[in-house]
Amino acid sequence: MTDIRYLAPRTLDEAVGAFAAAAGAARILAGGTDLLVQMRAGVLRPGLIVDIKKIPEMTSIEETADGGFRIGAAVSGAALADHPKFGQVWPGVLEAVNLIGSTQVQGRASPGGNLCNGSPAGDSVPAMIAAGAIVTVQGPNGRRRMPVEAVPAGPGRTTLAPGEILVSFELPPRPAGSGDAYLRMIPRTEMDIAVVGCGVSLTLQDGVCTAARVGLGAVAPTVLLVEDAAKALIGSKLDDAALEAAAAACRAVCRPINDKRGTIVYRTKVAGVLLKRAAGIAAERAGRA
Amino acid sequence: MNVISNKWIGQRTIRPDGADKVTGRAAYSADTTMPGLIWGKVLRSPHAHARIRSIDTSKAEALPGVKAVVTAKDIVDFPLDKPVMLGIQDMRWMCRNVMAREKALFHGHPVAAVAATSERIAQEACRLIEVDYEVLPHVIEIEDALKPDAPILHDFIKFDGKPSNIAGKLEHKLGDVDAGFAEADVIVERSFTTRPVHQGYIEPHSCLVSVSGDGKATIWSSSQGQFMVRAMTSLLTGIPQSDIRAFPAEIGGGFGGKTIIYLEPLAVVLSKKSGRPVKMTMTREEVFRASGPTSGSMSTVKIGATKDGRIVAAKGVFYLQAGALPGSPIRGAAGCAFAPYNIPNVHSLGFDVVSNRSKVAAYRAPGAPIGAYAAECVMDELAEALKMDPLELRLRNAAKEGTKAAHGPVFPRIGYEETIRAAMEHPHYSAPLGPNQGRGVASGFWFNAGGESSAQVNITEDGNVVVTTGHPDIGGSRASIANITAELLGIDYRKVSVLIGDTATIGYSNLTGGSRVLFASAMVVTQSTEKVIKTLCERAAKIWKIDPEAVEWEDGEARPAGDNAGKFPALSLAELAARATETGGPIGAGVQANTTGAEGGFATHICDVEVDRELGIVRVLRYTSFQDVGRAVHPSYVEGQMQGGAAQGIGWALSEEYLYDKQGRVDNASFLDYRMPVCSDLPMLDTVMIEVPNPKHPQGVRGVGEVPLVPPLAAVANAVYAALGHRFDSLPMSPPKVLAALEPAEA
């Protein structure tokens, strides 16, 4: 029975130093809505907990000069919902983040934690992938940036190197005529984990889809960027044929498992259904007549 | 509808436990603490089925901080060949359920328990206990347990002379069922399965136990019966009942699941050995793995009717899972399935099947929802075959006063017909439906119960009233008793405090279950209050120096009964209380009785659903329950009971189930993956209370708590059929199952 040390550094350098020095025995605490549950279940017994919520960069939301957003990794769902502008620009990302847990959980849970937890079913991840978010990570060897879809490595695993901490998400500026949406299938209406989750972001010009990205969750070991689905949408007027082609592309990339939350057959079918529905909502938000 | 005019009975008075509950002050079992307490933890079997060769606790006992260890040898054994019954529980099975003896019979079965100075040390000590298991093949599902080559759980259980997993059989017969079917023009027969579902109470099992140096035990625990806790603990530890004092903590839900005990005898032994108070609280995971859900089932129901919709015969065969030890609620399934109908020829048969699951416990109308699901779905199909409205078919065959039920009784005045008529006339039944929507109906019956109850009604020195009863309040009995006492005494209900006594301060009262509590306790409270009123009149008579017969009690005061009695100013309760000492001493009365006359409860439900054909999701859009509630002493509580039962039934029908892995372990032992409906899953659950007073009760009370869970499974299933044209004969109707049924070729 070893004791757990808890640190709440004020700077990122300090956090990285302590985290790296603990060499794998440490865990990062943002909202703790995954970490504390896993500790309680006996799945994790960290020797050191590094709480990153005291680091200003981790909990701030900034509008960038070009009209994009920079969101600290430990920003809570509730804080994101309270931002006067974020939800207008990225309603799909916001609804995905806000679907995690209950109202109480929303006060703590963060998109950074959701991503680093490595669950294929994390709700914010497909929406962030669809949004084309870029993450910044900092480790003992400095900072680096990568697309959000490069972070998950498998259930419970990420590509972050030892000692690296996720710092922030950057969401690009939105051209006129853009919209995004996230839908998930759960047997209940809330307080549940996605059986399938689908995020779609797209841009329309004169009714024609000029840009699109699709993120698909809970159908493979990691959340997927479905490029073939985006290709099927781009250049189309989001007619039934295009939507069916995109849905087929989603079904084609599914490599799900049979488990207590859903079957292979069911998840694969639902992936296509959610793509069509999410694309429809995104198109309406993009101002489709 | 409410033809009886009363001042307090039927009023939505403020509940006495409300303020404490919404402010967090209510003391539940786990809130209890004592100086010097230590923590108990249970070591549970990692195997679904294993012989226990030996248990070595020496390393655990040597761990610093460990104060006591308990294994089966510390619990009183009840030999297998001699049944010892406590109510409906057989102590042979209870002693093996609280602690595995010869074999571990399910994953999570307690094998040992430890008390230590912290929870962490207790947990660590559990890991140090070495158990030598001989792992045996296990069996989980009924169909597998019935196979000829199935692993046999108990060698001593024989069926048809051979070792078997069928541990019991129950049969109800009325008339000649074969002759009945021969008369039928239309016969519908169908087989069904349901999954085990958990009661889902919010509060996990918990207790604090202190055994003093002279061997007297005090227990604070969350249960549906402090006297049940005392009796079972006494039997399992050998401590006489007079040396055990059991306090009923405020209870965070039970639904039948807290009518047996798990932790108390272990904590008593740990406290006795250590000399310290011991606290034990289950985790949610332990609740799911090791406390009782209700049975899963396999059943076949066959009903025959003449062309004009007269039911002539019904047959039902119900196999219910008992879990690892015998005792599934086959009586509820086989007895309640056909009880709403006047059927001349009935054969209803139940089988109790053991398998390597946690032992089932009572769950709100135990067994009845399983029987009603099968029978009411077949009724729906029969109505369709007869081209008859499903409520009309029910009305034509409805049980009424004088109907002989297959399970025995001849019904007195009951209100089943009224529930059907109210449903037919309700706007819900004729409201338009949209695409992919469907409407279903179903009825249900529950026996209800009376039994032992004790009450004490005392007048305080300042003229207020304290009523003590002996049943834990899980459905509003305190508020209802306050209404009744205030009514009888003619005083404001706020002058009446109602408390639940512990086992030393009130007489024996049977547990809270069977929808019996208000029926039984209102009877003894009424008789006690009548005695108090008689005393109050005698005291006034003494003061006035007139004959007690010449005093009457009205509007909370003693008055001379007419001019002949003399002219005296009325004496209020407060005045009589103030003069109690000079007129003969404290005023109060208690009554203890075995109450009888509880009569059955009936309900009819209407359910509207909408199905998302692409995702297989079924949503309930509208739900209305119609129930004969006898007399709604506190209507808000009655409505709450009706809504709660409907909500649980909707969960049972659509989303709740135990999932097991190949090793025989529960795979979804959490509220995340055991999918009870959350608030946003349900529409407002509408209720229509129909009051047909029970003629055998002073206030007309019928039990109302359990009937609400009987009809919903079939009401939802029939609504899904109406929406999709596909009849689901297997619950839950979860999205993957619904989608597979809609697209069978692709699935």
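Analyst: Helix H11 (residues 368-385) of chain B lies across S12, strand S17 (297-305) and S18 of chain B. Helix H11 runs at about 145 degrees to S12(B). This is a predicted model, where local features need pLDDT of at least 70, side-chain atom pairs count only at pLDDT 80 or more, and totals for chains, interfaces and linings use all residues. Residues are numbered from 1 along each chain as its sequence is written, chains are lettered from A and ligands numbered from 1 in the order in which they are written, and side-chain values use heavy atoms, with hydrogens and water left out.

User: Which strands form the open sheet in chain B?

Analyst: Five strands do, in the order S11-S19-S18-S17-S12, with mixed pairing. Strand S11 (166-174) and strand S12 (186-194) of chain B stand at the edges, each with a single partner strand, so one side of each has no neighbour in the sheet. From one strand to the next, the twist averages 10 degrees.

User: How do you know that S18(B) and S19(B) pair?

Analyst: Two strands pair if DSSP finds at least two bridges between them. Strand S18 (residues 311-323) and strand S19 (residues 346-354) of chain B are joined by nine bridges, so they pair. They run parallel. Leu320(B) stands opposite Asp352(B) in S19(B).

User: Why is helix H3 of chain B called mostly covered?

Analyst: Buried means under 20% relative accessible area, exposed over 50%, partly exposed in between (1.4 Å probe, protein chains only). In H3 (residues 91-98) of chain B, eight of its eight residues are buried. Among them are Trp93(B) and Arg96(B). The buried residues pack against partners including strand S7 (110-116) and helix H7 (226-237) of chain B. Contact here means heavy atoms within 4.5 Å.

User: Why is Gly113(A) called partly exposed?

Analyst: Its relative accessible area is 24%. That value falls between 20% and 50%, so Gly113(A) is partly exposed. Gly113(A) is found in helix H7 of chain A. Leaving aside neighbours within four places in sequence, Gly113(A) is in contact with Asp34(A) and Ala73(A).

User: What makes a space a cavity or a pocket?

Analyst: On a 1 Å grid over the protein atoms alone, a cavity is a set of points where a 1.4 Å probe fits but cannot get out. A pocket is an open set with protein on both sides within 12 Å along at least five of seven lines. Lining residues have an atom within 4 Å of a point. The count comes to six cavities of 30 Å³ or more.

User: What lines the largest cavity?

Analyst: It is lined by 16 residues, and among those nearest its centre are Pro187(A) and Val618(B). Its volume is about 160 Å³. A volume is the space filled by probe spheres set on the points, with grid points joined across faces, edges and corners. The largest share of the lining, four residues, comes from S29(B).

User: How large is the second largest pocket?

Analyst: About 900 Å³ of space lies in it. Of the 38 lining residues, those closest to its centre include Phe19(A) and Arg27(A).

Terms used
Helix = DSSP H or I, 4+ residues; strand = E, 2+ residues; numbered from the N terminus. Axes fitted to C-alpha atoms, helices over the stretch in contact; angles between N-to-C directions.
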